[in-house]
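Colleague: Take me through the labels on this model. I want each term set against its cut-off.

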Amino acid sequence: MSGTLRIHWAIAPQIAPQPLINCNRCGGMKAYRCSGKFRVNANGKRIDVWLIYRCVDCDNSWNFGIFERCNRRDIEPALLQAFESNDPGLARRHAFDMVALRNQVGRVEEFPDVAVHKRLLGGARDRAAALELRLGLEMPTSLRLDRLLAGELGISRSRLQALEERRLLIVDPDGDKALRKPARQGMTIRIDLAGEPDHEAIISAAGG
C-alpha cells in the first residue's frame with residue numbers, strides 16, 4: 001500500500017502473573033504476588049534458589065523454585081551474583097515465566113495490562129493513509145489483539161472486526177480471526193484507512 005506509515009510497537013506487560021495457592025494462614029485459595037526478592041541457600045556444593053512470593057492478603061510467603069539442589073559449578077558466577085543481589089530484571093523474567101509457574105502450582109492468574117512504546121520505522125505521517133504495525137513483545141501476554149488495537153488506536157473492537165471482514169485489516173502470520181487471539185511477538189498488522197473519514201486521527205494515535 002502506498003502512503004503507509006510503518007511503526008514498531010514494543011509491548012511490555014505491567015503486572016506479573018499471580019499463582020493461586022492454598023494459603024495456610026488465610027485458610028483458602030489466595031493469589032500470591034512476586035516480591036522481587038530471591039532466596040539463595042547454599043549447602044556445601046549444592047545451591048537452592050527460589051523467587052519469593054507473598055499472599056496478597058496476609059503476606060504469607062511461598063517459594064517459587066528456580067534451582068533446587070544444583071551444583072554450584074553449574075551456575076555462572078555472574079548469574080549467582082544476580083540472584084544474590086536481587087537483580088530486578090532477572091526477577092521480572094522469572095516472575096513472567098508462565099510455563100514454570102504452571103508446572104509448579106497449576107493455576108495462575110494473568111493480567112492484560114501492558115505499556116506500549118512506539119517507534120517510527122518509515123513513512124510520512126502527513127501523507128499516510130495506511131498503517132503497518134509490527135509487534136515486539138518483551139514476553140508473552142494474555143492481552144487480545146483487538147483490545148490492544150482498540151486501546152491504542154482509539155477505535156472500537158466492532159469497527160476493527162468490520163475492517164477485518166472487508167479485508168482492510170490483515171494480520172500476518174495469523175490471518176483470519178487473529179483479532180480474538182493474544183497479541184504475539186512478530187505479528188504485523190496492516191490497516192488500510194484510505195476510506196475512513198477519521199484516518200488522520202487514527203494514524204496520529206498509532207504514534208511513532
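Modeller: Strand β2 (residues 18–23) and β6 run antiparallel and are joined by 2 bridges. One caution: the model is predicted.

Colleague: What makes β2 and β6 a strand pair?

Modeller: Pairing takes at least two bridges. β2 and β6 have 2, so they pair. Gln18 has Glu109 in β6 as its bridge partner.

Colleague: Where do β2 and β6 sit in the sheet order?

Modeller: The order is β5-β4-β3-β2-β6, in an open sheet of 5 strands with antiparallel pairing. β5 (61–71) and β6 (108–109) are the edges: each has a single partner strand, so one side of each lacks a neighbour in the sheet.

Colleague: How do you know that helix α2 packs on the sheet?

Modeller: Contact means heavy atoms within 4.5 Å. Helix α2 (residues 88–95) touches β3 (28–43), β4 (46–55) and β5. Its direction makes about 130° with that of β3. Helix α3 (residues 98–105) lies across β2, β4, β5 and β6, at about 100° to β5.

Colleague: Why is the pair of Phe38 and Phe83 called edge-to-face?

Modeller: By this rule there are 5 aromatic pairs. Centres must lie within 6.5 Å, and planes over 60 degrees apart count as edge-to-face. Phe38 and Phe83 show 4.9 Å and 80°, so the label holds. Phe38 is in strand β3 and Phe83 in helix α1 (residues 77–84), 45 residues apart. Both are buried. With Phe67, they form one aromatic cluster.

Colleague: And what makes Trp62 and Phe64 stacked?

Modeller: Stacked needs planes under 30 degrees apart. Theirs are at 10°, with centres 6.0 Å apart, so the pair is stacked. Trp62 and Phe64 are both buried.

Colleague: How do you know that the buried residues of α5 are on the same side?

Modeller: Helix α5 (residues 157–165) buries Leu160, Gln161, Leu163 and Glu164. They cover an arc of only 160° around the axis, which puts them on the same side of α5. On the other side, Ser158 and Glu165 are exposed. The cover over the buried residues includes α4 (145–153), β9 (169–172) and β10 (188–192).

Colleague: Why is the link from Gln161 to Arg180 called a polar contact?

Modeller: The limit is 3.5 Å between N or O atoms, one able to donate a hydrogen and the other to accept it. The side chains of Gln161 and Arg180 come to 3.4 Å, so the distance passes. Beyond four places in sequence, Gln161 touches Leu179 and Arg180.

Technical notes
Residues are numbered from 1 along each chain as its sequence is written. This is a predicted model: local features need pLDDT of at least 70, side-chain atom pairs count only at pLDDT 80 or more; totals for chains, interfaces and linings use all residues. Side-chain values use heavy atoms; hydrogens and water are left out. Helices (H or I, at least four residues) and strands (E, at least two) are DSSP runs, numbered from the N terminus. Axes are lines fitted to C-alpha atoms, for helices over the stretch in contact, and angles run from 0 to 180 degrees between N-to-C directions. Buried means under 20% relative accessible area, exposed over 50%, partly exposed in between (1.4 Å probe, protein chains only). The arc is that of the directions from the helix axis to the C-beta atoms.
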